[in-house]
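The structure under study is displayed below.

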Amino acid sequence: MRLFRSLVTGAAGLALLATLSGCGSGSDSPTGADSVFGSDSAATADAGAFGKTDSLPSAKTLRDVQEFISGAGLPCDNLTDDESAQGTPAEGFLGPSDAYDSDAEKAEIDAWAISKSGFCGETRSDLGGWIIYLPSDMKAFQENYRKQALESAKEDGWTDKLARGKFLVGADFIVDPTNYQASRTLLEAGLLLENCDPGFKAPDGYRAQDASASGCVLTNYLLDPLDQ
């Protein structure tokens, strides 16, 4: 699969980044981004048959993640690893580099350390769809997101309040929702958001733990755009 658009620097990504804030700890209290979504008890919801690593749901294959999303009560039909399949995002999604990529493209793609990716659901439905990533190196994925987000923040003048992307993190998989509101359900199912804002502080009662990326946390606290 090829990289059709950067998840952070693409137009759609920047539109979402403009509405969401987040990324970093700097606080001894539970951290996240301002939101009505998620709580300590919600984040520890039972993930069914799926295992837990560091209290995060674990799913080893695309079909395992599909089952996890479906088990959370969200539509995850028509699972595919083809970016051009009907219903997938128009901009495509990240996947491993291939022979068609230039050296520069290969370096950009490989930095995300994605071994496999796929999509389920429907981008044009009310609940949207779900891009699934299976990183071969979770730390590399999270560190590369941090790097990209920092660069975008500097370019757009958001250095005082570093924008956070939309990645929902499991023990060994990542979900990128195409519908912001539906993120709440996956947070309640136990996934967490990567947050790398060094000045970030969240109210009591929300879960937070160190991310694999230095200076970032994983949290179930999500900023509601209506509060901005």
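**Salt bridges and overall build**

I located Lys106 and Asp110 together in helix 4, four residues apart, about one turn of the helix. I take helices (H or I, at least four residues) and strands (E, at least two) as DSSP runs, numbered from the N terminus. The model is predicted, so I note its limits: local features need pLDDT of at least 70, side-chain atom pairs count only at pLDDT 80 or more, and totals for chains, interfaces and linings use all residues. Residues are numbered from 1 along each chain as its sequence is written, and side-chain values use heavy atoms, with hydrogens and water left out.

I then checked the contact between these two side chains. Lys106 and Asp110 form a salt bridge, with 3.1 Å between the closest N and O atoms. The criterion is a side-chain nitrogen of Lys or Arg within 4 Å of a carboxyl oxygen of Asp or Glu. Lys106 is partly exposed at 40% relative accessibility, and Asp110 is partly exposed at 36%. For these classes, buried means under 20% relative accessible area, exposed over 50%, and partly exposed in between (1.4 Å probe, protein chains only).

I next examined helix 6 (residues 183-188), where Arg184 and Glu188 are four residues apart, about one turn of the helix. Their salt bridge has its closest N and O atoms 3.2 Å apart. Arg184 counts as partly exposed at 36% relative accessibility, as does Glu188 at 30%.

Which parts does the pair Lys116 and Asp81 tie together? I found a salt bridge between these side chains at 3.4 Å, N to O. Lys116 belongs to strand 3 (residues 114-121) and Asp81 to the loop between helix 3 (62-71) and helix 4 (103-110), so the pair links parts that are 35 residues apart in sequence. Lys116 has a relative accessible area of 37% and is partly exposed; Asp81, at 36%, is also partly exposed. By the rule applied, I count four salt bridges.

Finally, I recorded the totals. The protein has six helices and nine strands. Of its 228 residues, 51% count as buried. Among contacts (heavy atoms within 4.5 Å) between residues at least 6 apart in sequence, 72% join residues at least 24 apart.
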